[in-house]
Amino acid sequence: MRFVKMEAACTEDQLLQLLPNNDKVNEGVRFAEGDGKPHMHFKKRGKTIRMRCEIMDRPTKDNGFLMGTYFAGRTKQVGDVTRLYGVIVTEPYFHLVWIALVVYFIWMCIAKAAFSVVPVCLIVFVYFMFRGEYKKQRRIKAYLMRACKRAGNMKDR
């Protein structure tokens, strides 16, 4: 989970026009060939913004699991500055259940005064299973930073 709090020197409408435009935000950015290129799916309901990341142009299809990695946040304009704040999460419902299960395993190990390798193996398995999804958190944050910077630069043109 990553918290996002950014500012763009532009109006709220300018930022909201730029965010769904993947080509303009990613213009001039080089991505590693094997990793693929991130594509953001943008939804806006009222003041709430939701962006989901999908990796395109790679040998295998990006399945995104149940909910995938997404940004949920809001914008607020204060004068000539637009503030973007929210949170980037990966599979929140799965991870809530997962954390509860790990806490239960740890509690059982303490209560029974025994050690089990099952929680350790499951933690390692889940990390490797979601490794690609966790990398998307950095990509979404970088995308939002580029969008805020470019929206501020568009104002000067």
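In this predicted model, the charged end of Arg 50 sits over the ring of Tyr 70, with 3.9 Å between that charged end and the ring centre.

The strands come next. S3 (residues 48–56) partners with S2 (residues 37–45) through nine bridges, and the two run antiparallel. Within that pairing, Met 40 stands opposite Cys 53 of S3. The hairpin made by S2 and S3 leaves two residues between its strands, and Gly 46 takes a positive phi there, near 65°. S3 is also joined to S4 (residues 69–78), this time by five bridges, and again the run is antiparallel. Here Met 51 ends up opposite Phe 71 of S4.

On to the cysteines. The structure holds zero disulfides. Cys 10 counts as buried, because its relative accessibility is 0%. Cys 121 is in no disulfide either; for this residue the nearest cysteine sulfur is that of Cys 109, 12 Å away.

As for the aromatics, the count comes to seven aromatic pairs. One of them is Tyr 104 with Trp 107: the ring centres are 6.3 Å apart and the planes meet at 35°, so this pair goes down as tilted. Both residues belong to helix H3 (residues 92–112), where they are three residues apart, or about one turn of the helix. How buried or exposed are they? Tyr 104 has 45% relative accessibility and so counts as partly exposed, while Trp 107, at 52%, counts as exposed; the cut-off for exposed is over 50%, which is why these two get separate labels.

Tyr 127 and Phe 128 make another pair, with ring centres 5.4 Å apart and planes at 70°, so this one is edge-to-face. Tyr 127 is partly exposed, with a relative accessible area of 44%, and Phe 128 is partly exposed too, at 48%. Both rings also belong to one aromatic cluster, which is made up of Phe 94, Trp 98, Tyr 127, Phe 128, Phe 130 and Tyr 134.

Conventions
Residues numbered from 1 in each chain as written. Predicted model: local features only at pLDDT ≥ 70, side-chain atom pairs only at ≥ 80, totals over all residues. Heavy atoms only, no water. Pairing = 2+ DSSP bridges. Helix = DSSP H or I, 4+ residues; strand = E, 2+ residues; numbered from the N terminus. Disulfide = S-S within 2.5 Å. Buried < 20%, exposed > 50% of the residue type's maximum accessible area, 1.4 Å probe, protein only. Phe/Tyr/Trp six-rings, centres within 6.5 Å; stacked < 30°, edge-to-face > 60°. Lys NZ or Arg CZ within 6 Å of the ring centre and 35° of its normal.
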